[in-house]
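Keep your viewer open and follow the topics in turn.

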Amino acid sequence: MRIAAFGEIMMRLTPPEYLMLEQTKELRLDFTGTGVNILSNLAHFGCQTSLLTNLPDNRLGEAAKASVRQLGIQDRWIGVSGDHIGSYFAEMGFGPRPTQVTYQNRRNSSFGVSGASSYDFDAFLAEVDLVHICGISLSLTEETRESAFMLAEKAHALGKKVCFDFNFRPSLNEEHGVSFMKEQYEKMLPYCDLVFGSQRDLTDLLGMKLDKTLKASKQFEALVQRFMTKYQIEHFAGTIRQGEGSKHYLTGFLFDSENYVQSVPKEIINLDRIGAGDGYAAGILLGVSEEWSLFETVEFATANGVLAHTIQGDVPLTTRKQVRHIMEQPTVDLIR
């Protein structure tokens with residue numbers, strides 16, 4: 001299956017050795033973004049991937065495009081527009097100090113100012129089978145919302161699979177508020193086949209209610225099934241993070257129209273959490289595209305998400321062999 005994504009490329013700047021910004025004069029430079037992270041991981045799994053976006057017509061844009069190619073993503077649909085790339089600083093946490101992310105002017109990036117007329121959606125969709133659209137595109141600007149809606153509508157009409165990630169960020173929506181964003185998500189969801197989200201997305205953002213007459217263990221399952229029926233969603237997936245003492249665990253879940261499965265909880269050892277959710281999403285997309293069973297898909301995706309926590313940077317550069325190794329031989333910590 002030919003898998004593509006629509007979304008921004010961002011520049012990540014990270015102080016070395018868990019230093020804070022006040023402590024360093026050096027920064028590590030990486031080019032990332034939800035689409036970049038997912039597609040690069042799928043490329044490492046052997047899938048054909050491509051990214052639809054715009055970059056600035058300058059050296060930063062050229063460097064970002066070169067990075068995308070190095071990650072195995074086709075750059076045919078990366079255009080040029082404007083002179084700015086969104087960026088963020090990632091100060092890595094340690095112990096009780098959390099990782100701190102500080103964004104810089106995403107709305108005025110080349111992606112942020114690019115409306116639907118900036119892209120050749122028809123030609124792009126002719127070359128893909130599934131397109132991933134990040135929910136952040138609904139939050140950034142009117143231009144990115146317009147582009148996301150038109151792409152989803154055209155893909156749906158052509159029978160292409162549409163994958164959508166809620167990825168709701170309250171910090172990006174202070175101007176409009178939840179009621180406005182609820183309308184945007186409700187406009188997008190009828191075009192979607194596979195959705196990544198959480199209980200909070202359905203209750204706090206869409207305003208859906210848990211059925212309190214059911215046992216607590218069944219309320220989430222019933223909520224998701226109502227959501228999927230309402231919008232004719234084929235698959236709904238996400239993760240649950242839980243703590244027990246000093247340890248933290250990741251559990252993945254996956255629904256189709258008739259079934260619901262959860263993975264076995266897997267312990268998280270955290271080096272860099274940013275992008276770990278994209279590792280989980282890549283695993284789900286691989287399993288769904290290759291028609292694995294629900295359980296095999298969610299187990300693989302959860303293992304991949306756990307591995308992504310152990311990799312420095314946003315991009316989860318795992319392979320199928322590496323993921324299978326921790327699934328089948330979790331106690332082996334040295335490979336020669």
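This predicted model holds 1 cavity of 30 Å³ or more. The volume of the largest cavity is about 30 Å³.

**The cavity**

- Rolling a probe the size of a water molecule over the atoms shows where empty space is left.
- The largest cavity is lined by Glu8, Ile9, Asn54, Leu55, Pro56, His84, Ile85, Gly86, Ser109, Ser110 and Phe111.
- Sorted by class, that lining has 5 nonpolar, 5 polar and 1 charged residues.

**Helix H4**

- Helix H4 runs over residues 142–157, and its 16 residues should span 22 Å at 1.5 Å a residue.
- The C-alpha atoms at the ends of H4 are 23 Å apart, which agrees with that expectation.
- The buried residues of H4 are Thr144, Arg145, Ser147, Ala148, Phe149, Leu151, Ala152 and Ala155.
- Strands E1 (2–6), E4 (48–55), E8 (130–134) and E9 (161–165) are among the elements that cover these buried residues, and the cover also includes helices H3 (121–125) and H5 (177–188).
- Just after H4 comes Gly159, with a positive phi of about 80°.

**Nonpolar cores**

- In soluble globular proteins, nonpolar side chains tend to be buried together.
- The largest nonpolar core here has 47 residues, and Ile133, Phe166, Phe227 and Phe236 are those with the most contacts inside it.
- Helix H7 gives the most to this core, contributing 6 residues.
- Another core, of 43 residues, lies apart from it and has Phe45, Val261, Leu286 and Leu307 among its members.

**Tyr231**

- Tyr231 sits in helix H7, which covers residues 216–231.
- Tyr231 counts as buried because its relative accessible area is 9%, and the cut-off for buried is under 20%.
- Not counting residues up to four places away in sequence, Tyr231 touches Glu186, Leu189, Pro190 and Cys192.

**His325**

- His325 belongs to helix H10, residues 320–328.
- Buried or exposed: which is His325? With a relative accessible area of 17%, His325 is buried.
- Leaving aside neighbours within four places in sequence, His325 is in contact with Pro330, Val332 and Ile335.

How values were computed. Residues are numbered from 1 along each chain as its sequence is written. This is a predicted model: local features need pLDDT of at least 70, side-chain atom pairs count only at pLDDT 80 or more; totals for chains, interfaces and linings use all residues. Side-chain values use heavy atoms; hydrogens and water are left out. Helices (H or I, at least four residues) and strands (E, at least two) are DSSP runs, numbered from the N terminus. Buried means under 20% relative accessible area, exposed over 50%, partly exposed in between (1.4 Å probe, protein chains only). Contact means heavy atoms within 4.5 Å. On a 1 Å grid over the protein atoms alone, a cavity is a set of points where a 1.4 Å probe fits but cannot get out, and a pocket is an open set with protein on both sides within 12 Å along at least five of seven lines; lining residues have an atom within 4 Å of a point. Grid points are joined across faces, edges and corners, and a volume is the space filled by probe spheres set on the points. Ala, Val, Leu, Ile, Met, Phe, Trp, Tyr, Cys and Pro count as nonpolar, Asp, Glu, Lys and Arg as charged, and the others, Gly among them, as polar. The expected span of a helix is 1.5 Å times one less than its number of residues. A nonpolar core is a set of buried Ala, Val, Leu, Ile, Met, Phe, Trp, Tyr and Cys residues joined through side-chain atoms within 4.5 Å.
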